[in-house]
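User: I would like a close look at one part of this model. Please keep it brisk and give the cut-offs as you go.

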Amino acid sequence: MDFGDLKEALASQSYGQIADICDHLMLQVAAEGVAFQEEWPYAIHLLGHIYADDIARFLWKSIPSSIKESQPEVVAAWKIGQHLWTRDYAAVHEAICGFDWSQEVRGLVASFAEQYTKRMFRLLSSAYSTISLQDAALFLGMSEDDAANYVLQQGWDFDPTSRMLTVKQQQAVTDQKLDPSKLQRLTEYVFQLEH
């Protein structure tokens, strides 16, 4: 198996491409009838989907139980996905920080953590006009001091007496992420799994 494109994407920090690269490689290898389960980079594949805001439950279900039992990093990656699925925001940060990631995926995990913190910040900005420092820290996966510094840099106000943050509304920026080629690859992948 040639993981050259995958290694290049990791090296160039093109983390948004990892899920597509892995999906394409998996379909290619499966179509050729090559046994690949033992050497497949499942942790990277799962984290690539999670990075792309896709929980990848079908990928998790397709992973052989022997791999799940022998590769704790795969299970740790899936824990992030589970917490995203259940919207347990604080547990996502705990799952990220609670595992000693391999050098190969450390950059991907760090980039996802940064992206996720920004997403939670946007969520807080749109959902609240005021929020307690304790709750903001929980959502952002930071200590209260770090969370206060982070939101103050974003223009929020802090009342030390009540320990409440006043949210400064951010301009909403929306991204259209629907790509027909992704839908086609997903269809091919699901078809491959079913047959």
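How much area do domain 1 and domain 2 bury between them, and what percentage of it is on carbon and sulfur atoms?

Analyst: Domain 1 and domain 2 bury about 1100 Å² between them. Of that area, 67% is on carbon and sulfur atoms. Buried area here is the accessible area, taken with a 1.4 Å probe, that two parts lose on being put together, summed over both.

First, the ground rules. This is a predicted model, in which local features need pLDDT of at least 70 and side-chain atom pairs count only at pLDDT 80 or more, while totals for chains, interfaces and linings use all residues. Residues are numbered from 1 along each chain as its sequence is written, and side-chain values use heavy atoms, with hydrogens and water left out.

Now the two parts. Domain 1 covers 1–99 and domain 2 covers 128–194. These bounds come from an automatic or database domain assignment. The C-alpha centres of the two domains lie 23 Å apart. Eleven residues from domain 1 and ten residues from domain 2 make up the contact, where contact means heavy atoms within 4.5 Å.

On the domain 1 side, Asp-20, Leu-27 and His-93 lose the most area to domain 2. Together they account for 43% of what that side buries.

The rule finds one salt bridge across the interface of domain 1 and domain 2. A salt bridge is a side-chain nitrogen of Lys or Arg within 4 Å of a carboxyl oxygen of Asp or Glu. Arg-185 forms a salt bridge with Asp-20, and the closest N and O atoms are 3.1 Å apart.

Which elements supply the domain 1 face? H2, helix H4 (57–62) and helix H7 (89–97) each supply at least two residues of the side that touches domain 2. H2 gives the most, with five residues. Helices (H or I, at least four residues) and strands (E, at least two) are DSSP runs, numbered from the N terminus.

Asp-23 also lies in helix H2, which spans residues 18–32. Asp-23 is buried yet has no salt bridge. Buried means under 20% relative accessible area, exposed over 50%, and partly exposed in between, with a 1.4 Å probe and protein chains only. The nearest side chain of opposite charge to Asp-23 is Arg-185, 5.8 Å away. For charge, Lys and Arg count as positive and Asp and Glu as negative; His and the chain ends are not counted. Not counting residues up to four places away in sequence, Asp-23 touches His-45 and His-49.

Two loop residues deserve a note. Asp-53 sits in the loop between helix H3 (42–51) and H4. Its phi is near 65°, a positive value in a residue other than glycine. Asp-53 is partly exposed, at a relative accessible area of 49%. Arg-87 is in the loop between helix H6 (72–85) and H7. Phi of Arg-87 is near 60°, again positive. Arg-87 counts as exposed, at 60% relative accessibility. Most residues other than glycine have a negative phi.

Finally, the whole chain. The protein chain holds eleven helices and three strands. Of its 195 residues, 38% count as buried.
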